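Here is a friendly briefing to read beside the model. Could you keep the sequence and the 3D view open as you go through the points?

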Amino acid sequence: MTGFFISEDLLQSENAARRSVLDEDFAALSRALARRGIDSETLTRSVMAFGVAIPTWGVGTGGTRFARFPGPGEPRHLFDKLEDCATIHRLSRATPTLSPHFPWDTTSDYAALRDVAAGYGLAFDAVNSNTFQDQPNQAHSYKFGSLSHVDGAVRAQAIAHNIDCITIGRQLGSEALTVWIADGSNFAGQSNLTQAFDRYLESMAEIYAALPGDWRVFLEHKLYEPAFYSTVVSDWGTSLAAAQELGPKAQCLVDLGHHAPNVNIEQIVARLIRFGKLGGFHFNDSKYGDDDLDAGSIEPFRLFLVFNELIDAELRGAKNFAPAYMLDQSHNVTDPIESLLQSAIELQRAYAQALIVDRAGLAVAQAANDALGAHLELKRAFTTDVSPILAMARLRAGGAIAPIETYRASNYRKHKTSERPPVAGTSAGIV
Ligand code: PSV
Ligand code: MN
Ligand code: MN
């Protein structure tokens, strides 16, 4: 890091101040878990191995369609974003990868970018394409769609962009492309619903053909927005059908905010796993729609139930099961670094809680049609405060017992505010 970074000394002293309390809490929790036949050391090791990718666009302050209120010291360019991602990983030890977005993260030398990231101990997860915005000097507009556009020239441009993303991703060491399109319609009759999906499938087949042998493509569905009457890839059924038609390298990506209110997302996850088509996640939370709020901040029980399905699949060795975990959030009123730290912790919490479900007890209750007994098995795990396990996992991995407190004590943002004078008109790649 060229500028300020959180020193090992500060990390050590912040940890030292909290160490004895953590040891006490960890020992007490270990005893309580042992009574349930759970080994806290094994659990801690599992948590240490859990990682989620940071979206590069998430470290800048987000905005709404009404306004964006830039935060002090926010990243001016990709290399600033890397510094912030490195800081999040340094404190949390839970975010070893980045998920970049193009053209927002365009740079002239991707080999150099990969090296700088590796120097911070960071690697690249799925690359995201962007055919939902027009870029300066672009030949054709995406106003009326991209991969499903009625005009073949627009489709060709969108296909070429996705193939460019694969080329960039290869240089970064990524192994997956995430495709989300904004295509859809605002008026009944505006679009031929069947033909639009046919055109999407044809375009995706060309992108699929350009995938390297060891790559996957993740199809991200979304019910509405920016199109408000129909969306071409609107739901998991459409996404699954497309992934099945395209072939084994195509899988579905579940962004938690992209569903109708009250839909049973954990059941969607179970269905996609059943067909070997769960590619990954964009984790976030929501109250009303695609709110992009911090993971676990609104519906932690739902997050736990999603992880419950994931652990169930992992334990039974489900076919083609290797989901990519990524965050996709917009931080409008918080310091993005703090939000991302907390979100990574909330994912680890849901993961650890799902790991301590008594699966044998649950199976017995389910077989006996003991509805409440089965539910209580889940509740027992969900209401267990696994915070000492998470903190111990961070400590042992070289991170912070209390990431947000340590971050605040470091004055990182204040330092970056003087190092990163605001650049007029920058949006940090945030929409
Ligand atoms: C669309 O709402 C989405 O969830 C897709 O993942 C985009 O790539 C991302 O948001 C960008 O903000
Ligand atoms: Mn998303
Ligand atoms: Mn979204």
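N369 sits in the loop that runs between α11 (359–367) and α12 (371–382). Its phi is positive, about 55°, although N369 is not a glycine. Please keep in mind that this is a predicted model. The points below begin with backbone geometry in the loops, then turn to helix packing and the nonpolar core.

**Loops and backbone geometry**

- N369 has 8 other C-beta atoms within 10 Å, so this residue is exposed.
- N137 is another residue with a positive phi, about 65°, although it is not a glycine.
- Look for N137 in the loop between β4 (127–128) and α5 (152–172).
- N137 counts as exposed because it has 5 C-beta neighbours inside 10 Å, where the cut-off for exposed is 12 or fewer.
- The peptide bond that leads from F102 to P103 is cis, and its omega is near 15°.
- P103 belongs to the loop between β2 and α4.
- D109 also lies in the loop between β2 (97–99) and α4 (110–119).
- D109 counts as exposed, because there are 10 C-beta neighbours inside 10 Å.
- Along the chain D109 and I168 are 59 residues apart, while 9.7 Å separates their C-alpha atoms.
- A cis peptide bond also joins E225 to P226, with omega near 10°.
- You will find P226 in the loop between β7 (216–220) and β8 (230–231).

**Helix α1 and its partners**

- Two packed helices are described by the angle between their axes and the distance between the axes.
- Helix α1 (residues 8–34) packs with helix α14 (residues 403–410) at an angle of about 130°, and their axes are 10 Å apart.
- The crossing in which α1 passes α14 is right-handed.
- On the α1 side the contact is made by L10, L11 and E14, which meet E405, T406, A409 and S410 of α14.
- Sorted by class, this contact of α1 with α14 has three nonpolar, two polar and two charged residues.
- Helix α13 (residues 387–396) also packs with α1: the two axes come within 9 Å and cross at roughly 130°.
- That angle makes α1 oblique to α13.
- Here α1 passes α13 in a left-handed crossing, whereas the crossing of α1 with α14 is right-handed.
- From α1, the residues N15, L22, D25, F26 and L29 meet P388, I389, A391, M392 and L395 in α13.
- This contact of α1 with α13 divides into eight nonpolar residues, one polar and one charged.

**Helix α6 and helix α7**

- The axes of α6 and helix α7 (residues 236–246) come within 10 Å, and they cross at roughly 50°.
- With that angle, α6 is oblique to α7.
- α6 and α7 have a right-handed crossing.
- L201, M204, A205 and Y208 are the residues of α6 that meet A242, E245 and L246 in α7.
- Six nonpolar residues, no polar and one charged make up the contact of α6 with α7.
- D198 is part of helix α6 (residues 193–209).
- D198 counts as exposed because it has 12 C-beta neighbours inside 10 Å, and the exposed class takes in 12 or fewer.
- D198 and L303 are 105 residues apart along the chain, with 34 Å between their C-alpha atoms.

**The largest nonpolar core**

- Which residues of the largest nonpolar core touch the most other members? They are V217, L219 and A354, out of the 100 residues in this core.
- Helix α10 (residues 336–355) gives this core its largest share, eleven residues.
- Apart from neighbours within four places in sequence, V217 is in contact with A176, L177, V179, I207, Y208, L211, K249 and A250.
- Y208, one of these contacts of V217, is also among the α6 residues that meet α7.

Key
Residues are numbered from 1 along each chain as its sequence is written. Chains are lettered from A and ligands numbered from 1 in the order in which they are written. This is a predicted model: local features need pLDDT of at least 70, side-chain atom pairs count only at pLDDT 80 or more; totals for chains, interfaces and linings use all residues. Axes are lines fitted to C-alpha atoms, for helices over the stretch in contact, and angles run from 0 to 180 degrees between N-to-C directions. Helices (H or I, at least four residues) and strands (E, at least two) are DSSP runs, numbered from the N terminus. A crossing is left-handed if the near helix is turned anticlockwise from the far one by less than a right angle, and right-handed if clockwise. Two residues are in contact if their C-beta atoms, placed from the backbone, lie within 7 Å. Ala, Val, Leu, Ile, Met, Phe, Trp, Tyr, Cys and Pro count as nonpolar, Asp, Glu, Lys and Arg as charged, and the others, Gly among them, as polar. A nonpolar core is a set of buried Ala, Val, Leu, Ile, Met, Phe, Trp, Tyr and Cys residues joined through C-beta atoms within 7 Å. A residue is buried if 20 or more other C-beta atoms lie within 10 Å of its own, exposed if 12 or fewer, and partly exposed in between; C-beta atoms are placed from the backbone. Angles under 35 degrees count as roughly parallel, over 145 as roughly antiparallel, 65 to 115 as roughly perpendicular and the rest as oblique.
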